[in-house]
Amino acid sequence: MKELKIVKYDKKYKLLWDEFISNSKNGVFLFYRDYMEYHADRFTDFSLMFFDNNKLIAVMPANVKDNFLFSHGGLTFGGIITDRKMKTPLMLEIFSALKEYLKIEGIKKIIYKAIPHIYHIQPAEEDLYALFCQNAKLIKRDLSSTIFIREKLPFDKKRRWGIKKSQSAKLEVKRSNDFEAFMSIEEENLSKKYGIKPTHTPNEMRLLANRFPESIKLFAAYKDGEMVAGTIIYESNKKVVHAQYISATDKGKKLYALDIVFDYLINEYYKDRLEYFDFGISTEKEGKILNIGLITQKEEFGARAVVYDTYEIEV
């Protein structure tokens, strides 16, 4: 007989939590405590652990704000991470127990950011069915652009032309550790175009890259020793590579430097390493506005749509 118990995360569970993420069927390095807690000062952590007869069977990265539970406000996606034995009836029990637990805690709503299927090591959409059974409401659908590397589509003519132009300029593409230089390029571009700053400061990006050197990598194009374009890559569970930041200087844009960077990553570096190359979202205003210029460039590399969904559940 099942004996579900929900426990709020405490630092004494760090090793247990991280080990569970490592062996889960839908966990990524973003859920390790050393990643989640780099911005602990910005969020009130309310991560949960689900035990069945004292055995950990699921975890949920989360924070609370104004009587709402977010899974997780500081992450692109969150949701419930499970072991490989998770089955649908048990997930239904977990959601029922979760709502009862949160009622006692005074939580009114859950904002649930589901993990996109491309990040699943094994099929792991038991939570989506449970959300449906709980009458969850889809409140946001962002659209990302992703390449299935083994069956990748050819680049469009414009991107092939850009690659030739950047090759003729004799750009050098390589992995770099100069996160400060790249983040200054990113910050300048975001400030000019949108009047905003990157999610991460240069110091935070350096900190995270040092903590996760095999998961966070910077690849850049150089012209005569000067960085003119690059992308910070997040590698997750040996399956997905995600472009967390993409940016170029004015000179890099004129030289189509990003074209040669992505040509190298998609057709050489990651050719036989991972399954998906994810460019990230091209949507705004809760997913209702599509940035045509942004998604066009990604689709010219052969990327196609994958959705990132957010649900709301009344507790």
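Which residues of helix 4 (residues 126-133) are buried? The points below start there.

1. Helix 4. The buried residues of helix 4 are E126, D127, A130 and L131; buried means under 20% relative accessible area and exposed over 50%, with partly exposed in between (1.4 Å probe, protein chains only). Seen down the axis of helix 4, these buried residues fall within an arc of 140°, so they line one face of the helix. The arc is that of the directions from the helix axis to the C-beta atoms. Helices (H or I, at least four residues) and strands (E, at least two) are DSSP runs, numbered from the N terminus. The cover over the buried residues of helix 4 includes helix 3 (88-104), strand 8 (109-113) and strand 17 (304-314).

2. Basis of the note. This is a predicted model, in which local features need pLDDT of at least 70 and side-chain atom pairs count only at pLDDT 80 or more, while totals for chains, interfaces and linings use all residues. Residues are numbered from 1 along each chain as its sequence is written, and side-chain values use heavy atoms, with hydrogens and water left out.

3. Helix 5. Helix 5 (residues 157-168) has twelve residues and spans 17 Å from its first C-alpha to its last, close to the 16 Å expected at 1.5 Å a residue; the expected span is 1.5 Å times one less than the number of residues. R159, G162, I163 and S166 are buried in helix 5. Viewed down the axis of helix 5, the buried residues fall within an arc of 100°, so they line one face of the helix. An α-helix has 3.6 residues a turn, so residues three or four places apart point the same way. On the face of helix 5 turned away from its buried side are the exposed residues K157, K164 and S168. The buried residues of helix 5 pack against helix 9 (257-269) and helix 10 (292-299), where contact means heavy atoms within 4.5 Å. K170, which follows helix 5, has a positive phi near 60°.

4. Four strands form an open sheet in the order 1-3-4-7, with antiparallel pairing; two strands pair if DSSP finds at least two bridges between them. Its edge strands are strand 1 (4-8) and strand 7 (81-82), each of which pairs on one side only. Strand 1 and strand 3 (residues 48-52) run antiparallel and are joined by five bridges. I6 has F50 in strand 3 as its bridge partner. Helix 1 (residues 14-23) packs on the sheet, touching strand 3, strand 4 (55-60) and strand 7, and its direction makes about 85° with that of strand 4. Helix 3 also packs on the sheet, touching strand 1, strand 3, strand 4 and strand 7, at about 50° to the direction of strand 1. Axes are lines fitted to C-alpha atoms, for helices over the stretch in contact, and angles run from 0 to 180 degrees between N-to-C directions.

5. D83. This residue is in the loop between strand 7 and helix 3. At 13% relative accessibility, D83 counts as buried. The side chain of D83 reaches the backbone nitrogen of M86 at 3.1 Å. This is a polar contact, that is, a pair of N or O atoms within 3.5 Å; within protein, one must be able to donate a hydrogen and the other to accept it, and residues adjacent in sequence count only if both atoms are side-chain atoms. Not counting residues up to four places away in sequence, D83 touches F20, S24, K25, L56 and I57.

6. H200. The loop between helix 6 (179-194) and helix 7 (202-211) holds H200. At 3% relative accessibility, H200 counts as buried. The side chain of H200 makes a polar contact with the side chain of Y35 (3.4 Å).

7. Ten of the eleven residues of strand 12 (residues 226-236) are buried, so strand 12 is largely enclosed by the rest of the structure. Eight bridges join strand 11 (residues 216-223) to strand 12, and the two run antiparallel. Strand 11 and strand 12 form a hairpin with two residues between them, and D224 in the turn has a positive phi of about 55°. Strand 12 is also joined to strand 13 (residues 240-248) by eight bridges, again antiparallel. In the hairpin of strand 12 and strand 13, with three residues between the strands, N237 takes a positive phi near 40°.
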